[in-house]
Amino acid sequence: MKETNQSVQKATYLSLISGLGQFYNKQYFKGSIFLAGFVLFFVEMFLFGFEALANFVSLGTTPIVDNSLFMMIRGSLQIIVTLIFIFFYVLVIFDARNITKRYRNGLSVNTTAKANLHSLYEDGFPYLLTLPAYLLMTFVICFPVMVTIFIAFTNYDFQHITPFRLLDWVGFKNFLNLFVLASYRATFASVFSWTIIWTLLATTLQIILGIITAVIVNQKFVKGQSLFRILFLLPWAVPAFITIMSFSNMFNDSIGAINAQVIPFLNHLPFVNIDAVAWKTDPFWTKTAIIMIQGWLGFPYIYVMVTGVLQSIPEEMYEAAKIDGASAFQRFSNITLPMILFATAPVLITQYTFNFNNFSIIYLFNEGGPGSVGSGAGSTDILISWIYKLTTGTAPQYSVAAAVTLLISIIVISVSLIAFKKTNAFNNEEMM
């Protein structure tokens with residue numbers, strides 16, 4: 001194709017109305033589709049969009065008539081639609097500019113509908129295939145996240161229940177209250193510190209148990225390996241909530257099996273004299289109990305995963321180490337453990353993030369109790385169970401709960417990213 005005097009600047013200006021730039025480049029089929037999308041978006045904006053955005057800003061003016069929460073939801077949807085349109089609007093402008101440059105450089109340009117469709121199929125098939133998934137992800141994942149973020153910046157609580165009361169934007173007040181107000185600050189500090197301790201101890205315990213049991217069972221001298229493998233999978237096979245509730249009864253202070261049967265049985269042993277333990281009424285022992293229970297519940301998953309890694313390690317590596325005079329501990333510390341950690345690092349990190357938000361064991365064992373550390377939180381509540389209580393109590397604090405949720409998300413995402421990067425978790429193929 002010969003070079004032409006097509007103006008890139010003119011194509012850019014015309015593309016301010018989507019499609020006209022493509023008309024300028026003689027791509028009438030493509031231009032018609034872009035222009036139709038442009039017109040449809042502005043029709044939608046005039047019919048619904050501007051009102052939705054205005055209501056999103058004001059959150060209503062008349063109680064009962066206006067529902068602030070619905071206005072926020074419709075406004076969030078409109079923001080997503082608008083952002084998607086802006087994304088494609090920019091792409092259309094760049095498309096017009098690139099086609100014009102092809103004209104000026106004498107390169108071929110698809111101008112017919114058939115050629116455009118063929119080009120779209122040949123060059124854009126991967127994008128067409130993944131586009132529905134991206135759109136679904138936008139509305140299924142991004143939409144609820146956006147609404148949660150927006151709620152964190154309102155005064156949505158028991159004194160502002162829609163539609164009888166309107167919501168107002170309060171900026172960063174909810175976030176600041178967590179650190180400034182004495183009641184929230186003390187509760188947040190207590191719950192957050194326990195959440196960190198719980199996450200580290202419970203997860204580390206289940207990882208250690210899983211690795212130890214897998215290494216021991218996979219030794220050649222161990223007989224009945226299949227039986228051990230079945231036994232170790234039992235905690236994983238039973239639904240967790242049933243196991244947790246069973247343990248909750250077993251750890252009952254007065255009639256639980258631990259105090260009523262296990263400890264008296266142990267006291268028959270020489271030099272053993274253990275008093276009944278306040279598992280459900282003393283915060284320290286309740287925390288000890290749920291850490292032990294999580295170790296029991298979580299180690300089978302680590303055990304199965306590590307077993308697979310152990311079976312993939314070449315036997316020649318151990319034979320070579322033995323010839324070099326390495327002891328059993330040296331073979332474990334220099335071959336087995338590094339291989340396990342490098343192969344399972346991403347999953348081990350997710351175990352920490354899982355337990356950071358492990359609601360079920362905290363709530364089902366003792367409902368976050370015993371006692372209270374203020375603002376509705378019990379002594380063993382972690383952040384996620386505190387959020388549950390903030391939103392389901394007699395005086396719900398939805399906006400504060402949303403603020404805590406955002407802080408949790410920021411912490412989990414930040415720590416996970418740092419851990420993935422530091423452990424080089426997704427770039428360790430050379431180790432295997």
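Is Lys220 buried or exposed? I looked this up before anything else. Lys220 has a relative accessibility of 67%, so I put it down as exposed. I note that I am working from a predicted model.

**Entry: salt bridges**

I found three salt bridges in the structure. Side chains of opposite charge can pair when their charged atoms come close.

I began with the pair that involves Lys220. Its side chain meets that of Glu315 in a salt bridge, at 3.7 Å from N to O. Lys220 sits in the loop between helix 7 and helix 8 (225–237), while Glu315 belongs to helix 12 (residues 315–323), so this bridge ties together parts 95 residues apart in sequence. I logged Glu315 as partly exposed because its relative accessibility is 35%.

Next I checked Lys30, which forms a salt bridge with Asp95; their closest N and O atoms are 3.3 Å apart. This pair also links distant parts of the chain, with Lys30 in helix 3 (residues 28–58) and Asp95 in helix 4, 65 residues apart. Lys30 has a relative accessible area of 17%, and I recorded it as buried because the cut-off is under 20%.

The remaining entry is Lys389 with Asp381, whose side chains meet at 2.6 Å, N to O. Lys389 is partly exposed at 21% relative accessibility. Asp381 is buried, with a relative accessible area of 0%.

**Entry: two polar residues**

What does the side chain of Gln206 make a polar contact with? I found the side chain of Asn355, at 3.2 Å. Gln206 is placed in helix 7 (residues 182–217). Its relative accessibility is 0%, so it counts as buried. Leaving out residues up to four places away in sequence, I listed what Gln206 touches: Gln294, Gly295, Gly298, Phe299, Ile302, Gln351 and Asn355.

I then turned to His160, which lies in the loop between helix 5 and helix 6 (173–180). At 13% relative accessibility, His160 is buried. I noted two polar contacts from its side chain: one with the side chain of Asp157 at 2.9 Å, and one with the side chain of Asn155 at 3.2 Å. With residues up to four places away in sequence left out, His160 touches Asn155, Arg165, Leu166 and Leu167.

**Entry: nonpolar patch**

I looked up a nonpolar patch on the surface, formed by Leu77, Val81, Phe87, Phe88, Leu91, Leu131, Leu135 and Phe139. Together these residues have about 640 Å² of accessible area. Which helix gives the largest share of the patch? Helix 4 does, with five residues. Helix 4 (68–104) and helix 5 (113–151) each supply at least two of the patch residues. Leu131 is partly exposed, at 34% relative accessibility.

**Entry: whole chain**

I counted 16 helices and zero strands in the protein chain. The radius of gyration is 30 Å, well over the 22 Å that the globule rule gives for 432 residues, so I noted the chain as more spread out than a compact globule. Along the principal axes, the C-alpha trace spans about 100 × 70 × 35 Å.

I recorded 39% of the 432 residues as buried. The chain exposes about 24,300 Å², and carbon and sulfur atoms supply 71% of that area. Among contacts with a separation of 6 or more, 68% are between residues 24 or more positions apart.

Technical notes. Residues numbered from 1 in each chain as written. Predicted model: local features only at pLDDT ≥ 70, side-chain atom pairs only at ≥ 80, totals over all residues. Heavy atoms only, no water. Patch = residues over 30% accessible without salt bridge, like charges linked within 9 Å, V, L, I, M, F, W, Y side chains within 5 Å. Areas by Shrake-Rupley, 256 points an atom, 1.4 Å probe, with all protein chains shown as cover. Salt bridge = Lys/Arg side-chain N within 4 Å of Asp/Glu carboxyl O. Helix = DSSP H or I, 4+ residues; strand = E, 2+ residues; numbered from the N terminus. Buried < 20%, exposed > 50% of the residue type's maximum accessible area, 1.4 Å probe, protein only. Rg over C-alpha atoms; globule rule 2.2 N^0.38 Å. Contact = heavy atoms within 4.5 Å. Polar contact = N/O pair within 3.5 Å; in protein donor to acceptor, adjacent residues only side chain to side chain.
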